[in-house]
Amino acid sequence: MIQDLVVYAAFIGYAIGVLMTFGLLLTWVERKQAAVMSDRIGANRAYFRLPFTQVKLVWWGLFHGIADGVKMLLKEDFRPRTYDWYAYMVAPWVVFTPVLLVFAVIPFGGMLDPGRLFPSLAEWFGGRTYPMQIARLDAGLLMVFAFGGMTIIGAMLAGWSSSNKFALLGALRAGSQMISYELVMGLTVLGLILIYGTVDMFDIVTQQSGRVGGLPAWGIVFQPFAATLFLAAAIAENKRIPFDLPEAESELISGYFTEYSAMKMGLFMFAEFIEIAIIAALFTTLFLGGPNLPYMSDAGFAFPGGYEIRMSHGAVVATQVIVFLGKVALLCSFQILIRWSLPRFRYDQVLKFAWKFMLPLALVNLVVTVVWMWARHG
Amino acid sequence: MKKYTYVRRRYWNEPTMSWWERAYLFEILRGLAITGGVFMRNMGKWMTGRKGALTSYYPEETRPDYAAGNRGKHVLTQRPDGRPQCIACNMCATVCPAKVIEIEAAFDPDDPAHPKYPSRFEIDYSRCVFCGLCVEACPEDAIRMAKEVPDFPSPDRTNMWLGKEELLTWNPQRDVAKPYPPAGGAAG
């Protein structure tokens, strides 16, 4: 159907735009937030000069991300003399692509009815509605884990094909660490799957639109413990600072991407920053109700006490999209807060933390959830 | 041969952690609360138009509170008639570990007491290490260091030279710590 094609092309464009923007902005946000946290000023030098004038647009250093990108594109693309140049060339893309693909199953809004949004096109769309998600798969959550696991291959390829001791050591660390934490992540989400009874991401989000007691029916209300474990495991999966053993600068120069330079190295960094946004989006979808706000439905807000705000379809769609982006941005900021607050683990502590602390806790959480579900539903 | 077994040394003030600290999660939350609190405080300052940082915007803004003994920009002292007190003996240039001082001597027939004077006295601040050895070495108290640093952030290292004219622009009368002319009647 040509209508489906148009709508999904728009969705894909939106998703890629959002991810790239987040990736670019987070490089700046990370530096600026770290600076504000430690009584410094932070990146504020890059500027655009308006042509033919002396007006310099600094905008709090917002253009530093662009300056970084230009620098990486113009740098010498150094290549080590490796026997496996194909793996060497393809590794950054193997890291980068799955990170983008994960976003395909994450719903970034509610149900979209393009006919009501554009009344002049109502006839052409013929009453079709679309969930605001690139691919509504039955196996959505499983796909997240399938593609999330693929980044390990990229890291291992990069380390293995660099012909460098440090890169190889970093890749081995990355491999063992990511596999360990992937397991924990999967186990923490299992409890959630039991509660929702589905792995379809859009269903999961829809089920979180209601209320439980006085609280919104978000995953974090049912599974606060799993939410904490999931976030910790996801940060470990992203190999950022409390868990950045694969690239420990003091020991391994730069870990598995030691031998990469210019934009190939930039791809690794960019993938890391986009993964921050992806983790935030996943956490929002699973635990924070995705684009839902409390008391909000497809017709507008309905507060207790009979007070209602009716909203047009366009306003509802815009609110949902903005709410989702806002939650994601807040979580990104929280991850950066963690990265600039906590000291790094030792390597044995990282693995011990995964296998002896988080895995048993995740299992206990799962058992408790199973018992609770059994007691409630028989 | 006796088998060596490693025994970890116990110190009298060995750090101990309570179970609360060993549970780790609560201490993490405490740490995040501290850093997050600092972030909110500074962000609040920035958003209300105040400065939420201790740093100064260096090239645009210099701090006035250098220590009195700070070794900053070089200064050539003057005789009462305004000519440099330097006699171009080259001792500062010789002792300089970074070899940044260049002096060209000239002959002044009008002043029989000090016939030798520098026609050129230049310092390359791109290489100066601010060690103060030139001040120590000078037999005539002709070179001193002011506490202010030279205002020199520049994208081009060839711009970072100071010549005799700039080095002489300091008014030595204002330096109460070192009276001028120096006690003992060496000047004149």
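Author: Let me start with a definition: helices (H or I, at least four residues) and strands (E, at least two) are DSSP runs, numbered from the N terminus. This is a predicted model, in which local features need pLDDT of at least 70, side-chain atom pairs count only at pLDDT 80 or more, and totals for chains, interfaces and linings use all residues. Residues are numbered from 1 along each chain as its sequence is written, while chains are lettered from A and ligands numbered from 1 in the order in which they are written.

Reader: Where does B:Glu61 lie, and what makes B:Glu61 count as exposed or buried?

Author: B:Glu61 sits in the loop between α2 (25–47) and β1 (74–76) of chain B. A residue is buried if 20 or more other C-beta atoms lie within 10 Å of its own, exposed if 12 or fewer, and partly exposed in between, with C-beta atoms placed from the backbone. B:Glu61 has 8 C-beta neighbours inside 10 Å, so B:Glu61 counts as exposed. Its C-alpha atom is separated by 28 Å from that of B:Ala98, 37 residues apart along the chain.

Reader: How do you know which class B:Asp141 belongs to?

Author: The count for B:Asp141 is 17 C-beta neighbours inside 10 Å, and therefore B:Asp141 is partly exposed. B:Asp141 is in the loop between α4 (133–137) and β4 (143–145) of chain B. Its phi is near 55 degrees, a positive value in a residue other than glycine.

Reader: And what makes A:Ser163 exposed, partly exposed or buried?

Author: A:Ser163 has 14 C-beta neighbours inside 10 Å, so A:Ser163 is partly exposed too. It belongs to the loop between α6 (140–161) and α7 (165–196) of chain A, and its phi, near 45 degrees, is positive in a residue other than glycine.

Reader: How do you know what span is expected of α2(B)?

Author: The expected span of a helix is 1.5 Å times one less than its number of residues. With 23 residues, α2(B) reaches 32 Å from its first C-alpha to its last, close to the 33 Å expected. After α2(B) comes B:Gly49, with a positive phi near 80 degrees.

Reader: Why are α10(A) and α14(A) called roughly antiparallel?

Author: Axes are lines fitted to C-alpha atoms, for helices over the stretch in contact, and angles run from 0 to 180 degrees between N-to-C directions. The axes of α10 (residues 224–237) and α14 (residues 347–377) of chain A come within 10 Å and cross at roughly 150 degrees. That makes the two helices roughly antiparallel, since angles under 35 degrees count as roughly parallel, over 145 as roughly antiparallel, 65 to 115 as roughly perpendicular and the rest as oblique.

Reader: Then why are α1(A) and α12(A) described by another word?

Author: Helix α1 (residues 2–37) and helix α12 (residues 262–287) of chain A pack at an angle of about 110 degrees, with their axes 8 Å apart. They are therefore roughly perpendicular to each other.
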